[in-house]
2 protein chains.
Amino acid sequence: MLIVQKYGGTSVGSFDRIRNVAGRIKSLREDGHQVAVVVSAMGGVTDKLVTMARELCDEPPEREMDVLLSTGEQQSIALVTMALRQLGVEAVSITGRQAGMKTSGSHTRARIEAIDPTLSRRYLGEGKVVIVAGFQGVNEEGLIQTLGRGGSDLSAIAFASSVRADLCQVLTDVDGVYTADPRVVRDARKLPEISYDELLELASVGTKVMQSRSVEFAKKYGVKFEVRSSLNNNPGTIVTEEHEAMEAVVIRGVSIERSQARVTITGIPDEPGMSALILGVLGEAEINIDMIISNTAHDGYARHSFTMHTNDLGRVQAALKPVLSDLGGEANLESEAGIAKLSVVGIGMRSHSGVAAQMFKALGEGGINIGMISTSEIKISVTVEEARIEDAARVVHSAFGLDTAPA
Amino acid sequence: MLIVQKYGGTSVGSFDRIRNVAGRIKSLREDGHQVAVVVSAMGGVTDKLVTMARELCDEPPEREMDVLLSTGEQQSIALVTMALRQLGVEAVSITGRQAGMKTSGSHTRARIEAIDPTLSRRYLGEGKVVIVAGFQGVNEEGLIQTLGRGGSDLSAIAFASSVRADLCQVLTDVDGVYTADPRVVRDARKLPEISYDELLELASVGTKVMQSRSVEFAKKYGVKFEVRSSLNNNPGTIVTEEHEAMEAVVIRGVSIERSQARVTITGIPDEPGMSALILGVLGEAEINIDMIISNTAHDGYARHSFTMHTNDLGRVQAALKPVLSDLGGEANLESEAGIAKLSVVGIGMRSHSGVAAQMFKALGEGGINIGMISTSEIKISVTVEEARIEDAARVVHSAFGLDTAPA
């Protein structure tokens, strides 16, 4: 088998951990596999480089940040390769450029456009382990670019696709994807598999296993991958295209997002263009808002509610204040912090009805009030008082039977 | 003018020093010059990376050492560029690869084969300061290679040649090239200019201004360069092709090499092949020997003497012990440590006679015994007792009038 592994900064964060990674790679070779490994910079190195840049320049140019930051991964590929050679394993390092990672777009947050796997394939064909620098590539002009947060995961998925790997393993400090955060829901179970779309919905509501764009890339190119721990040999969670058997499970998992706030504007004239006006202002201020609900009240005026992270509440209020007068004399802004969001996700929802009712019933029986509600094809989200969010997660997790192993 | 500057690791060894370098570059721009700057890794960084490599691997593969070490310069080009941008100077960094530095030969000690200045010229043409990573290039296979000790000087000379710079300045922690080491000879003067060959001879006998191969490269491609201090704005020493006026000065400088030892083998049969046998053994043991003198004594046997660094004396003795019996029953090995070498260098020697006599007379008048003597076209070297080497340097320096400004 051709296996592509990815190790993050924590997994290569010290000499001992690098040796541990080398030992794991050696085992795979001894089992007869071809192996390529994408690595991040050693934990802490990237932050240190950013600090150095800020020391010398108030606004370090992004082109130069890429030149600087890409050295972190270049160091770790050399060091991991050396650790492998110390164990007698034939290995070579390759930078993003040598791995044929062609990028485009802005520096410090580039996109992967294509990968030319010629050199990687040659080394793999020679029986060598290939250690690939994650997070980096070069654009058409030949300039080094980095991929931004979570970039090494993206490198790994893209690299696995380019060399047609049989298996792509993302090794991290979590064991896999769980039905809920085990720190909140003690009975949470590790999922043997999950579809791309489900992981995307879980990720977007706060399960920080992996950045969305890596999952989207994997979905687009059909790269099946496994999320597993770099500290043990337990099987992790396979992330793959959905298949029929997956629909038997209605809800795959529950996730929570804390520190949310809600802003409601009432007294909005019920005329076209009002929503665009309000949301446009927030867009210009580059504020991410999350749930959006709008309806018309009995008084003939419309009302808009939306949620955001509590940290953004002040900016939202400031951005909207000047808009209120444009909306006419009745417009008013109310806000509420101290709420949290609970979501259930599952592709089984598409073929099962009554999921929302079941969720609301469980919350009601638990004495938990529901604030806003929003739904998508495979997700239902509600807001609840933040103090009750853990209770809410537990009752819903249990109501959907997520704490018992599947049949 | 198009000026290429080179700053070593000490000159970019801290944030303050990087800011100092940026300020100097800004001044050149303000004077209307085009500027490209070759920089080394920040002082101490390369050593730290070597230590990391050794921690993980007893014999780190050289290919990977190059991947690792080249990050040092890549970091410093980004940081210097950022410091320039902070001062409002348009600047871009380029790696060895982007600078078109094509190398060949072994990893960690590669040679520069050619330079493609296309990208550098484009940036310079756009009015940008170009900050170039020294010490590195890529070979035909596209692999990163480093140039070994003094590699950044070599990068600068080669880069200046490729972009046809009007001036190449090597900025360092010395003020220029002196007639003698000012710590030894208080009256030593900074030379306004020196020929490549003279600097090569001075360098090879211990004046550590610059590695010989950088000077040889400059000579081969006719790159005139200036050695000057990065800490002040004093004019330095121009290193250039020799010209007629230079010959008016008989001796350009005096240099000393301490901690030398002498080994003499006596009783060597006066037959062909004896020298080859002795020197062959030392060559195989990879011991550098310096002065070699051989002659035939009154007893009909030959004797060989040679000098080496005291640290190598034990290895020389060990290597030669087994050879003595091959040389026949009369062969004997004597050795003497505690000597030092004094050399005078000047292309004027070619057209002036009596230089050796003048040197020996000065030493004699100073009461200093001469041991071995060796001469080349532009250099005369003698060994003296190490305790007298500083006196020897002073009397010779004075005898050739090096302590008085030239007419």
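## Domains and sheets in a predicted model

In this predicted model, the C-alpha centres of domain 1 of chain A and domain 2 of chain A are 40 Å apart. Domain 1 of chain A covers residues 2-173, and domain 2 of chain A covers residues 254-399.

The remaining description concerns strands of chain B. Strand 1 of chain B spans residues 2-7; five of its six residues are buried, so this strand is largely enclosed by the rest of the structure. From strand 1 of chain B the chain passes through helix 1 (residues 15-30) of chain B to strand 2 of chain B, a β-α-β crossover that is right-handed.

Strand 1 of chain B runs parallel to strand 2 of chain B and also parallel to strand 9 of chain B. By contrast, strand 13 of chain B and strand 15 of chain B pair in the antiparallel sense. The table lists the bridges of these pairs.

| Strand pair in chain B | Bridges | Sense |
|---|---|---|
| Strand 1 and strand 2 (residues 34-39) | six bridges | parallel |
| Strand 1 and strand 9 (residues 167-172) | five bridges | parallel |
| Strand 13 (residues 253-268) and strand 15 (residues 302-309) | seven bridges | antiparallel |

Individual bridge partners can be named for each pair.

Conventions: Residues are numbered from 1 along each chain as its sequence is written. Chains are lettered from A and ligands numbered from 1 in the order in which they are written. This is a predicted model: local features need pLDDT of at least 70, side-chain atom pairs count only at pLDDT 80 or more; totals for chains, interfaces and linings use all residues. Two strands pair if DSSP finds at least two bridges between them. Helices (H or I, at least four residues) and strands (E, at least two) are DSSP runs, numbered from the N terminus. Domain bounds come from an automatic or database domain assignment. A residue is buried if 20 or more other C-beta atoms lie within 10 Å of its own, exposed if 12 or fewer, and partly exposed in between; C-beta atoms are placed from the backbone. A crossover is right-handed if, with the strands pointing away from the viewer, the path from the first strand over the helix to the second runs clockwise.
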